[in-house]
Amino acid sequence: MWQLFIKFSLSALLVVLISEAAKRSSWLGALLASLPITSLLAFCWLYHETGDAVQVAALARGIFWLVLPSLVLFIALPVLLEHEVAFGWALLLACGMTALAYAAMSWVLPRMGVQLG
């Protein structure tokens with residue numbers, strides 16, 4: 001139970017630190033958000049709980065492939081906002097585009113021989 005509390009606390013702390021840093025400098029906020037801190041924590045927790053390095057490797061490989069469609073969000077959102085689409089709509093549209101990119105990747109990867117799970 002304490003491990004779950006530590007996981008939640010670290011995750012919340014990361015989000016708060018990133019948002020506070022972004023208030024002072026968008027570059028610093030972006031740098032912190034772009035670091036694979038969440039993935040590193042997930043690797044550590046998974047290995048600590050399972051002791052299975054192969055499972056950690058599979059997670060890392062899956063993250064690699066699924067980072068690609070997530071980039072759609074980071075392209076679409078600023079473009080929509082710069083074209084003066086209201087924030088809520090821009091976020092919704094960017095998330096929808098990202099979901100479509102994930103669906104496309106989920107369709108493409110097995111056809112390329114890539115198995116994620």
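## Thr 98 in helix H5

Thr 98 lies in helix H5, residues 87–111. Helices here are DSSP runs of H or I with at least four residues, numbered from the N terminus. The model is a predicted one: local features need pLDDT of at least 70, side-chain atom pairs count only at pLDDT 80 or more, and totals for chains, interfaces and linings use all residues. Residues are numbered from 1 along each chain as its sequence is written, and side-chain values use heavy atoms, with hydrogens and water left out.

Thr 98 counts as buried because its relative accessibility is 9%; buried means under 20% relative accessible area, with a 1.4 Å probe and protein chains only. Apart from residues up to four places away in sequence, Thr 98 touches Pro 69, Ser 70, Val 72 and Leu 73. Contact means heavy atoms within 4.5 Å.

## The nonpolar core

The largest nonpolar core consists of 5 residues: Ala 76, Leu 77, Leu 80, Ala 90 and Ala 94. Such a core is a set of buried Ala, Val, Leu, Ile, Met, Phe, Trp, Tyr and Cys residues joined through side-chain atoms within 4.5 Å. H4 and H5 are the elements that give two or more residues to this core, and H4 supplies the largest share, 3 residues.

Ala 94 is in contact with Leu 73, Ala 76, Leu 77 and Leu 80, leaving aside neighbours within four places in sequence. In soluble globular proteins, nonpolar side chains tend to be buried together.

## Helices H3 and H4

The axes of H3 and helix H4 (residues 53–82) come within 9 Å and cross at roughly 155°. Axes are lines fitted to C-alpha atoms, for helices over the stretch in contact, and angles run from 0 to 180 degrees between N-to-C directions. H3 and H4 are therefore roughly antiparallel to each other, a term for angles over 145 degrees.

From H3, the contact is made by Ser 39, Ala 42, Phe 43, Leu 46, Tyr 47 and Thr 50; from H4, by Ala 53, Gln 55, Val 56, Leu 59, Ala 60 and Ile 63. By class, this contact of H3 with H4 has 9 nonpolar, 3 polar and no charged residues. Ala, Val, Leu, Ile, Met, Phe, Trp, Tyr, Cys and Pro count as nonpolar, Asp, Glu, Lys and Arg as charged, and the others, Gly among them, as polar.

## Helices H1 and H3

Helix H1 (residues 2–24) and helix H3 (residues 37–50) have axes that come within 11 Å and cross at roughly 170°. H1 and H3 are therefore roughly antiparallel to each other. The contact of H1 with H3 has 6 nonpolar, 2 polar and 2 charged residues by class.

Definitions and conventions: Buried means under 20% relative accessible area, exposed over 50%, partly exposed in between (1.4 Å probe, protein chains only). Angles under 35 degrees count as roughly parallel, over 145 as roughly antiparallel, 65 to 115 as roughly perpendicular and the rest as oblique.
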